[in-house]
Amino acid sequence: MKPRDFLSRLSKGGTPAGVAVLLSLLALCMAAMIAVTTLHEVREDLSLAFLVVFGAALMGLAALIGRIALEKTAALEKLRRQRTFLQTLVENSPIGIAVVQGPKHQFTMANLAFRSVPETGGAAFIGRPAAEVLPKGIADPLISSLEEVYRTGRTFFIREGEVTLGPRGDRTFWDGYFVPQVGPDGTVEAVIVIGSNVTEKVLSRQRAEKLATLAETNLAQLQTVLDSITDALIIADSSGNIVRVNPAALAIHGYRSPMEMLHPVAQYAQTFELRRPGGELIPLDEWPIMRALKGETFSDYEVLVRNIETGQTRHMGYNGAPVLDGGGKQTLAVITIHDITVEREAESEREKLREEAQRRAATLDATLNSVADPMFVYDPEGRIVRMNPAARRATGYRHEVEGLVLAERAPSLNPRTADGRPLAADEVPAARALRGETVLGFVMVCDQPTGTRWTSNSASPIRAADGRMLGAVVTAVDITAFHDLQEQRDDILRAVSHDLRSPLTAILGHAQLLQKLAERGAPASRLAQSAAAIEVNSLRMNDMIQDLVDAVRLEAGQKRLNRQVVRLAPFLTDFLERVIAETDQPRVALDLPADLGPVFADPNALERVLTNLLSNALKYSPPQARVAVRAAQSGNEVWVSVVDHGQGIDPDDAARLFGRFYRGTSTATSRPEGLGLGLYITRLLVQAHGGRIWVDSVPGQGSVFTFTIPAQAAAGQVAVGGQVTGCATRG
Ligand code: ADP
């Protein structure tokens with residue numbers, strides 16, 4: 001250091017050490033001067049004394065100043081260290097600290113934390129305005145706070161001010177302190193800004209608050225749920241104390257306040273007795289709550305709970321489960337109780353009703369089964385819910401058909417009225433009854449498995465006490481036989497009134513003519529002609545009457561067969577000679593195998609069958625045309641055929657020829673010789689022998705009528721002396 005500098009530093013009030021050195025040098029100079037004066041020119045004692053004292057004082061002063069100077073240096077060093085410490089502290093403080101001043105709020109200082117505010121982009125702070133350096137979200141509230149400080153001159157706070165920062169718009173929270181630095185004139189010269197990011201604190205507090213609110217809400221909801229569930233709920237702790245009950249639990253056990261129930265479970269054994277539905281007593285450690293406390297989970301544990309004090313017993317259903325804490329340790333047990341007394345009572349009532357219904361159904365079934373006529377019970381849609389055996393036999397319905405509604409099932413029967421008009425599904429008696437109508441004796445014709453059946457139907461709706469339609473009941477009396485009889489009666493009436501009248505008219509006419517011829521004295525040959533005509537017509541009439549009588553007898557089962565062994569060859573030869581008119585005999589040929597065995601038949605019936613077939617063959621073929629009678633053995637039966645080469649039979653007629661009063665379309669009008677009973681009687685007689693009859697014919701070429709008759713060997717398999725009934729079997 002140059003002396004001038006040194007002095008200038010001294011003059012400017014430099015270091016105290018410097019001043020002390022200066023004063024010491026000054027004192028030494030003065031002491032030297034005194035010594036020189038003392039040795040060489042001591043003139044005045046006073047001056048010497050003064051100088052000595054002055055010098056000593058000066059040296060003392062110099063020593064004092066030197067000490068002060070040393071102390072000041074030490075203090076200054078301490079201050080410097082403190083300042084460095086403070087600067088380091090401030091720079092590294094986690095709290096942002098900055099100083100701004102001037103109208104544009106320029107930074108004169110900003111520590112690391114302040115400079116690290118997000119979105120400042122590591123910009124230089126010092127000397128730059130806040131609005132430039134800081135993100136807008138922070139700059140705006142900062143500037144308005146600074147202005148507030150300038151306005152009021154007082155410290156200003158912002159607590160947990162929210163700022164949205166970052167590309168994701170994160171919510172951040174900041175505490176800010178704005179401390180004015182006031183100059184001597186009282187104006188704010190600068191503001192110290194202390195800011196800290198309290199986002200984490202605020203967010204975690206908010207989270208905690210939220211959780212607390214949630215927990216509170218959940219708790220409140222849980223409480224509400226517990227209070228509002230209709231099932232009783234009881235919670236017990238692991239020591240077997242009841243710790244919580246809901247209002248339903250109070251009600252079900254007859255308590256008024258929860259406090260009355262918060263006791264050890266064991267205490268309840270004095271008031272309640274629990275039994276299994278079978279009546280067996282349940283020991284306390286198997287009570288539902290105890291089972292749950294033992295860690296069991298169960299549901300629908302049915303228990304009869306008897307209040308020993310009141311004597312009242314209720315039927316309860318228990319569900320139970322243990323409650324585990326997060327670590328899997330059982331802390332509580334919960335049971336819910338459902339009073340099922342009413343349900344069980346209703347169940348037993350239902351059971352009683354079911355038994356009663358079953359009993360009634362059995363009675364109904366027994367009644368229905370005992371009725372000989374078919375009876376049906378329908379549901380409102382027309383499904384068959386009940387039918388008696390007669391109905392089952394008549395319809396042959398399989399189970400799945402019973403389940404069909406009326407509209408689906410009825411058409412399969414092809415129902416029609418007595419005069420043949422088809423009936424729609426909604427016109428049948430069951431449908432009418434299901435609409436509320438009562439039907440009596442409605443005659444209906446249906447195609448059933450047993451053939452065409454005539455039924456007289458009565459139907460009624462079945463209604464509940466309140467008038468609701470429950471279904472319908474229908475009785476279908478089979479009147480087919482009655483109808484056949486009626487038809488038979490009509491046919492006979494028609495035969496008597498019409499067919500028998502034509503030969504009678506002829507007889508009457510010839511008788512009157514005979515009278516007149518006799519009166520006029522006509523020649524005998526002329527009289528003989530009329531007498532012959534009378535004879536022919538009388539015979540025809542006789543045949544007709546015989547057919548009528550035979551048919552009625554056969555149908556009524558009054559004709560008995562008198563079966564015996566018949567050797568066909570001699571029987572047929574004799575028959576042709578006896579029965580066939582001499583004029584016709586040359587037309588008829590017998591064609592029999594040599595080994596033809598005997599048959600087992602009623603000879604009269606057999607003769608009648610052959611007469612009918614042969615007379616038809618002769619009648620319905622040209623006068624000279626040949627007719628053959630053939631026979632052949634076929635297993636246990638013998639086939640007999642009558643073959644002609646006549647007009648043949650229309651295929652439409654062939655199927656109906658064997659019916660009562662049926663006359664072929666080609667012959668009915670042209671040659672009304674018979675009543676149409678011949679083939680009918682023939683069929684009944686053949687069938688009475690256990691045989692069959694059929695025709696093979698080609699119109700214009702001829703016909704072959706074949707019937708079978710049991711051979712003698714098969715006689716044992718045929719009912720001997722069988723009655724002949726034909727009424728139920730129509731051609
Ligand atoms: P009928 O006694 O009136 O002759 P049948 O029952 O014997 O009645 O015959 C019924 C009808 O069958 C006759 O009207 C006739 O049309 C027809 N028929 C019967 N046999 C023959 C046949 N051999 N050839 C052609 N038609 C026949």
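Reader: How many helices and strands does the secondary structure of the protein come to?

Author: In this predicted model, the secondary structure comes to 22 helices and 26 strands. Buried residues make up 37% of the 731 residues in the protein.

Reader: Why is His-689 called buried?

Author: A residue is called buried when its relative accessible area is under 20%, and His-689 has a relative accessibility of 2%, so His-689 counts as buried. As for its place in the chain, His-689 is in the loop between H22 and strand S24, residues 693-698.

Reader: What makes the approach of His-689 to Leu-685 a polar contact?

Author: The limit for such a pair of N or O atoms is 3.5 Å, and the backbone oxygen of Leu-685 lies 2.9 Å from a polar atom of the side chain of His-689, which is within that limit.

Reader: Leu-685 belongs to H22, so which residues of H17 and H22 meet?

Author: On the side of H17 they are Asp-547, Asp-550, Ala-551, Leu-554 and Glu-555, and on the side of H22 they are Gly-678, Tyr-680, Ile-681, Leu-684 and Leu-685. Sorted by class, this contact of H17 with H22 has six nonpolar residues, three charged residues and one polar residue; the polar class takes in Gly, and Gly-678 is among the residues that meet.

Reader: How do the axes of H17 and H22 lie to each other, and what is the hand of the crossing?

Author: The axes of helix H17, residues 524-556, and helix H22, residues 678-688, come within 10 Å and cross at roughly 35 degrees. The crossing in which H17 passes H22 is left-handed, a word used when the near helix is turned anticlockwise from the far one by less than a right angle.

Reader: What makes S1 and S2 a pair of strands?

Author: Two strands pair if there are at least two bridges between them, and four bridges join strand S1, residues 96-101, to strand S2, residues 106-110, so S1 and S2 pair, and they run antiparallel. Within this pair, Val-100 stands opposite Phe-107 in S2, while the hairpin has four residues between the strands, and Gly-102 takes a positive phi near 85 degrees there.

Methods. Residues are numbered from 1 along each chain as its sequence is written. This is a predicted model: local features need pLDDT of at least 70, side-chain atom pairs count only at pLDDT 80 or more; totals for chains, interfaces and linings use all residues. Side-chain values use heavy atoms; hydrogens and water are left out. Axes are lines fitted to C-alpha atoms, for helices over the stretch in contact, and angles run from 0 to 180 degrees between N-to-C directions. Helices (H or I, at least four residues) and strands (E, at least two) are DSSP runs, numbered from the N terminus. Contact means heavy atoms within 4.5 Å. Buried means under 20% relative accessible area, exposed over 50%, partly exposed in between (1.4 Å probe, protein chains only). A polar contact is a pair of N or O atoms within 3.5 Å; within protein, one must be able to donate a hydrogen and the other to accept it, and residues adjacent in sequence count only if both atoms are side-chain atoms.
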